[in-house]
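Welcome! Please take a look at the protein below, and then let us walk through some of its parts together.

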Amino acid sequence: MTRRFEVALDQGGSHLDVIAAPLHDPAEPARIAKFPRARSQDIAATLLGFMAAEGIAAHEVASIRIATTLAANALLTGAASPVALVTTRGFADLPDLGRQSRRDPDAPDPPAPTPPWLSPPAFRFNVAGRLAADGTEQVALDIGGLPSSLPDLPIAICLLHAHRNPAHELRVTEAIRAARPDAVISLSHRVDPQPREFERMLATLADASLKPLLAKTLGAVARRLGAAGLPAPSFALADGTLAATEAALDAPLSLAFSGPAAGAIAVSRMVPRGEVIGLDVGGTTAEVSLVRDGVPLRTAQVQLGDMTLRCPALDVESVGIGGDRPTARGGPILSETPAEVLAVAAVQLAEAVRRIALRRNIHPDVATLVVGGGFGPRLAAAVANHMGCPRVVIPPAPGLLSASGLLDAAPVLPAADPPPPLASDTTEAAQRAILRLALEGLADRMQDSLLAAAKSPVARDGMDCAAALFLPDGRVLAQARSLPLLLGGMIPAVAGILRAFPAATMGKGDGFLTNDPWSGGTHLPDLILARPVLVERRVVALAATILHHQDVGGLAPGSIPPDARDIFQEGLRLPPVRWRQAGAEDAGIAAILAANTRTPDMLRADLDAQWQSVSQAEAEVSTLARRIGAEAFARRGEALLREARDALAAVLDGLPEADAAAEEALEGDGITPDPVAIRATLRRVGGPRLIVDFAGSSPQTAGPVNAAPSGLVAACFALLRRMAPDAAANHGLLDLLDIRLPEGSVVNPHFPAPVNARTATVKLATNALFAAYALLSPGPARAPNAGVAVVMSVAGTDDSGRPWMFTEIMAGGEGGGPDRPGLHALSADVSNARNLPAEILEDIAPIRVEAVERHRGSGGAGLHSGGDGVRRAYRLLSGRAEVSYRGERHLSGAPGAQGGGPGGLARCRLLGADGAMRDFPSKARFAWIAGETLVIETAGGGGWGAQETTA
């Protein structure tokens, strides 16, 4: 009988696993080996040594399949190469700017959009020439901006709209190869042929960064194996497929996730039915895979450290042992670990795994836990007990889990020791923790559903929407990680809905709408939709969403007129209404909505997205409440609120019983240039309690900078989240807060005051709250951020009469801090909206985005400078438009801290084709005609610390 073997190798940072599975006799045990770090890096030599030891000849090997974490580790540690970037003129700062939002709005130290080592500014180059959104050439390519000699680095080429037409990228490639025939080049239209230029650029930079390293290492493996008479190896990719060497080396980003993908496939084979959590525990990290009915879950993007990379992949997430922050795989840290430390590590790992599973709607209390990896069996029982998993499977040879997933069929491996008996951790504290994670994951899935289904760019791309869950009395129970301004603003709105429609009057399938600032709403474009969740014919929760709709009528397109003088000029005002009953829409309300918008189809689609989101939540929450019982759901929900309250109380106990005040001012109200004061006083009193008093703020204004109370609730909630960042984001935080809003003031106006421009008021109020808190809390705080988000709504028609409209939200710079400079153009404090990609804007409007770049020099000077704002330039190519512009910081910059300088100023101007220039104040409405270029420059953050001087 001719012997034939299928060989699989899984290379990690600290090991190399090898399996040789006999194809000639599937019942024969596989030959296996596990090699330590010292031998794990030389795959070819180790494999040849293994074959010699096992008596396997080269001609007996039918195939070789390899998975490796080499690429992932290189990106995580910065061991990959820096990259030279060639991009469209005006877009070289994109790696520093990203999408301006924060992945976790509660994280105290948000990461830069791109690791600084990956794309050094000195190695970024511009080329002129533009393609239209449909791929046709608008401006001929001019590569004169390229130096005659590019640096000896891999090169990423990312030009706008290359996914629609690669011609410009290919011509740039030809020019570079003419000078450097051996240049390593990655082209964005090949790496990630999808719109949204930053995401495509980041993937292309990562791809280029990895190519030299992988060509050197894995290419050498293939050559050496070929020289030994072995078949050419195949490499596992992130999506679970295999690729030949040349194809794999041309897709290095997919190689970064090959090992975890192979592990997910192995897990899916072991339990073909039901929900499964795979856990492959290495020396310093664990890979978490999720399977439903034998099929691994998939994702369109992966998280690697602080980078979110678009890459089709099996949904596997890496967590560090002892925490949930991904790290590079290194040497073992568990091999000699004392039992008590292992116990702590197991609990921390269980919490991280549970969070990952519940965010994807995999419930540990009904799932099977498959545990592999070299250290998995030691932690299996403790992790399962803490998560409440009813079943644990430890596969044969658990340390070879990923390697076994590379084979066509499960090999015969040595049996593992049976798992120890389970004693599920069903303490009340554990069940509360489970419920918190489940609810937070559910809220995030509501947010994901909103973003996926929304039609308007301001919601879909700008993320000007949010989702949350509430108790039947209107207290917030869990929030999505999205936009704090809207999350906090929903709390009074849901209370307003319940005042009009008590929970006892709500039925299954009902939906309630409002946007009325005097019923708890924010401003008129923000429609709040709530749906009750009923179990045993009683309301146990409310699912709610809020979304900024593109237009709800009023004086100006986009419904944010900066010169409005009353609420009636701002659009349709909708008090709380029952929009749906038992699932059926009220046709009269639908007709009113459609008749009061310039974009009825868009409003309809976005409202459908909100309904889809709350309906998904209704189904999931009702299932969860039935599983644990309605009484237990209510009891544990109350307990979660008490835990948050107690966490904040502990913080307040550490503050002095004293007052601290800070003040900001708006640059006029859109009608007059008179400053509008916003004063916030924090008073910590016994109990402990916190009083936030806005006495001293200006009276309500004639113009629309007034903020309804909901906006100040959002500002205060953001302060409480900063004070107690580990507490759950629920109503327990508000239990210890007294908010005092003077009636008839800019922070609590009388009807019918205009309120559409309340964003700047709320952001500056938040700045004042943070500044006052810094006076009470120990340690130096960051300098103030720019304190403003420019909101611009533009509507027009092209030369053919086709109408178009969009709303942009642009961030300013982050303040410098005691540990680092501020980030550029960061959507900070209560903001977390994303910018609109140029490729999306140009697809919906007859404009050309000429530049998205840093507003250089706008960050305040200091030991740690403030972050710069952003400069965005738009040329109108056809027709005419009307612009509603709402900004701030045109006259005075964000203050510095600890001797740092103030941030630079914002600016808005139109540049005519004839060279004429028109400057606009911070609130303006004006016409824009074809040929003119609109330039917006946002303000910088304050600097921190006095600059060091040299003698």
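Is S831 buried or exposed? S831 is buried, with a relative accessible area of 7%; buried stands for under 20% relative accessible area, exposed for over 50%, and partly exposed for what lies in between, using a 1.4 Å probe and protein chains only.

## About the model

This is a predicted model, in which local features need pLDDT of at least 70, side-chain atom pairs count only at pLDDT 80 or more, and totals for chains, interfaces and linings use all residues. Residues are numbered from 1 along each chain as its sequence is written, and side-chain values use heavy atoms, with hydrogens and water left out.

## Around S831

You can find S831 in the loop between β32 (803–811) and α22 (838–844). The helices (H or I, at least four residues) and strands (E, at least two) are DSSP runs, numbered from the N terminus.

Setting aside neighbours within four places in sequence, S831 is in contact with R102, L483, P484, K763 and A789, where contact means heavy atoms within 4.5 Å. With K763 there is also a polar contact, side chain to side chain, at 3.0 Å. A polar contact is a pair of N or O atoms within 3.5 Å; within protein, one must be able to donate a hydrogen and the other to accept it, and residues adjacent in sequence count only if both atoms are side-chain atoms.

In soluble globular proteins, nonpolar side chains tend to be buried together. A nonpolar core is a set of buried Ala, Val, Leu, Ile, Met, Phe, Trp, Tyr and Cys residues joined through side-chain atoms within 4.5 Å. The largest one here has 89 residues, and Y874, W928 and L934 have the most contacts inside it. Helix α7 (residues 197–227) gives the largest share of this core, 12 residues. A second, separate core has 78 residues, including M490, A530, A662 and A772.

What does Y874 touch, leaving aside its neighbours within four places in sequence? Its contacts include W928 and L934, along with M792, E808, M810 and R848.

## An enclosed helix: α3

Now try helix α3 (residues 70–77). Six of its eight residues are buried, so α3 is largely enclosed by the rest of the structure. The buried ones are L70, A71, A72, N73, A74 and L75. Among the elements that cover them are β1 (5–11), β4 (61–68), α7 and α9 (252–255). After α3 comes G78, whose phi is positive, near 80 degrees.

How do α3 and α7 pack? Their angle is about 130 degrees, with the axes 10 Å apart; axes are lines fitted to C-alpha atoms, for helices over the stretch in contact, and angles run from 0 to 180 degrees between N-to-C directions. That makes α3 oblique to α7, since angles under 35 degrees count as roughly parallel, over 145 as roughly antiparallel, 65 to 115 as roughly perpendicular and the rest as oblique. From α3, the residues making the contact are L70, A71, A74 and L75, and from α7 they include A206, S209 and L210.

Next, look at helix α14 (residues 428–453) and helix α18 (residues 600–628), which pack at about 160 degrees with axes 8 Å apart. That makes α14 roughly antiparallel to α18. Among the residues in this contact are L435, A438 and L439 of α14, and A605, A609 and Q610 of α18.

H161 sits in the loop between β8 (155–158) and α5 (167–179). H161 is buried, with a relative accessible area of 1%. Leaving aside its neighbours within four places in sequence, H161 is in contact with L131, A132, A133, R200, E839 and E842. L242, in strand β11 (residues 242–244), is partly exposed at 37% relative accessible area. L242 and L160 are 82 residues apart in sequence and 31 Å apart in space, C-alpha to C-alpha.

A647 belongs to helix α19 (residues 630–653) and is partly exposed, with a relative accessible area of 29%. A647 and A724 are 77 residues apart in sequence, and 6.6 Å apart in space, C-alpha to C-alpha. R190, in helix α6 (residues 188–191), is exposed, with a relative accessible area of 59%.
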